[in-house]
Amino acid sequence: MSKGPKPAFANPALFACDPQHSKGRRFDEPPAPTRNAFQRDRDRIVHSTSFRRLVYKTQVFLNHEGDLFRTRMTHSLEVAQLARSIARVLGLNEDLVEAIALAHDVGHTPFGHAGQDALNGCMEQHGGFEHNFQSLRVVDSLESRYPQFEGLNLSFETREGILKHCSLRNAQYLVDTELGAGSQKAIQNSVLVSVGSRFLDRKQPSLEAQLCNLADEVAYNAHDIDDGIRSGLIDINKLSAVPLFDNFRLEVEREFGSLSTRKIAYETIRRMLSAQVYDIIDSTQVAIAENKIETLEDVRSARPLVCFSVTMRDQSTQLKRFLFQNLYRHPQVVDTTNWAKGVVTDLFNAYTSNPKEMPTYYQSRTNLFRAVSDYIAGMTDRFASAEHARLCVQR
Ligand code: MG
């Protein structure tokens, strides 16, 4: 097994994001005395209510199905760990990577993707719902804890990393609200760039943002196998169809002889993770060199640079397909998914027909549908279930 590549770039690299040259916050603030801009962003995220709620939000398994399954919180921590390890070798900014990784899922609804699909369905006639765009809404406006502004007033670079994809309609909306007449404050504070612009200009985000995106995929592929085996929904022997897992499993069995299924799974997943981390470092270093990347502006104008090799991309796709067929579409998961969709849809109907059931802040908002969507999106699994029992289940 490869020991992994050696660092090839100065640290920090010239193409890394530099907190001293941040494109700034939407509302001017004096710098913090002991922390740089990205460290401050990370700390604001850790102290936010939406971050704390992630511990009670579903990743794949519902929060109450078992104490050892991943939640959105542990998933986010694993993404941060992977992304930081890679960032260190590539000379990227670790603080920024950590801030983006910890915040990347704060817009998720209760009950994982089932919740998002149901809420998007409910909001179809009212602008839709997209968890990634919602993560930006959370840090930009829904967190309400500072006297001077709504939201967490994060740096441009952290916000850019959180918004990993965006429809052109939403991108245009961001440009209009951040740079348009509606945002005099932003203009006063000379924020000249919107996080929506790059989607309209077809440019790439920073390498730190690109890295968090790929680390997200590496993290959930690995922990969903682990949780899948632990739950009994995936038979470890069926994973022989997945070369990325099976090659390492055979290696582990050759090396250690008889081990418990749990230890085989742990050691195999550990090696699988390392191989993907090394592959990303190697492939990204090659892409940076081939594209003659020297500055952050070069990064933005190039093709996406943080990547897997062709072989690893294929293997990762095979693994994803396996998980889709054997875990996400497992009848037991589909059952709970359908139940969760019903809960979200019922709650949406209950609050839109009777807004007084929501806290006053949400009742008073001008757009009722968006207020209901924000309220539901912020709920933990168990709060949503309790509200459902209170409002929608006939006694
Ligand atoms: Mg994620």
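Helix H13 covers residues 261-290 of this predicted model. At 1.5 Å a residue, its 30 residues should span 44 Å. Lysine 292 follows H13 and has a positive phi, near 50 degrees.

A magnesium ion is coordinated by four residues: His75 and His104, each through NE2, and Asp105 and Asp216, each through OD. The distances run from 2.2 to 2.6 Å. Along the chain, the donors follow the spacing H-x28-H-D-x110-D. Aspartate 105 and aspartate 216 link distant parts of the chain, being 111 residues apart. Aspartate 105 sits in the loop between helix H4 (94-103) and helix H5 (112-122). Aspartate 216 belongs to helix H11 (residues 207-231). Aspartate 105 has a relative accessibility of 3%, and therefore counts as buried. Aspartate 216 is also buried, because its relative accessible area is 7%, under the 20% limit.

In soluble globular proteins, nonpolar side chains tend to be buried together. The largest nonpolar core of the model holds 87 residues. Within this core, Ile225, Leu239 and Phe245 touch the most other members. H11 supplies the largest share of the core, 11 residues. Leucine 239 touches Ile225, Ile229, Ile234, Phe245, Asp246 and Phe322, leaving aside residues up to four places away in sequence. A second core is separate and has 21 residues. Its members include Ala114, Phe348, Tyr375 and Ile376.

Conventions: Residues numbered from 1 in each chain as written. Predicted model: local features only at pLDDT ≥ 70, side-chain atom pairs only at ≥ 80, totals over all residues. Heavy atoms only, no water. Helix = DSSP H or I, 4+ residues; strand = E, 2+ residues; numbered from the N terminus. Expected span 1.5 Å × (residues − 1). Donors = N, O, S within 2.8 Å, 3.2 Å for Na, K, Ca; no water. Buried < 20%, exposed > 50% of the residue type's maximum accessible area, 1.4 Å probe, protein only. Core = buried A, V, L, I, M, F, W, Y, C linked by side-chain atoms within 4.5 Å. Contact = heavy atoms within 4.5 Å.
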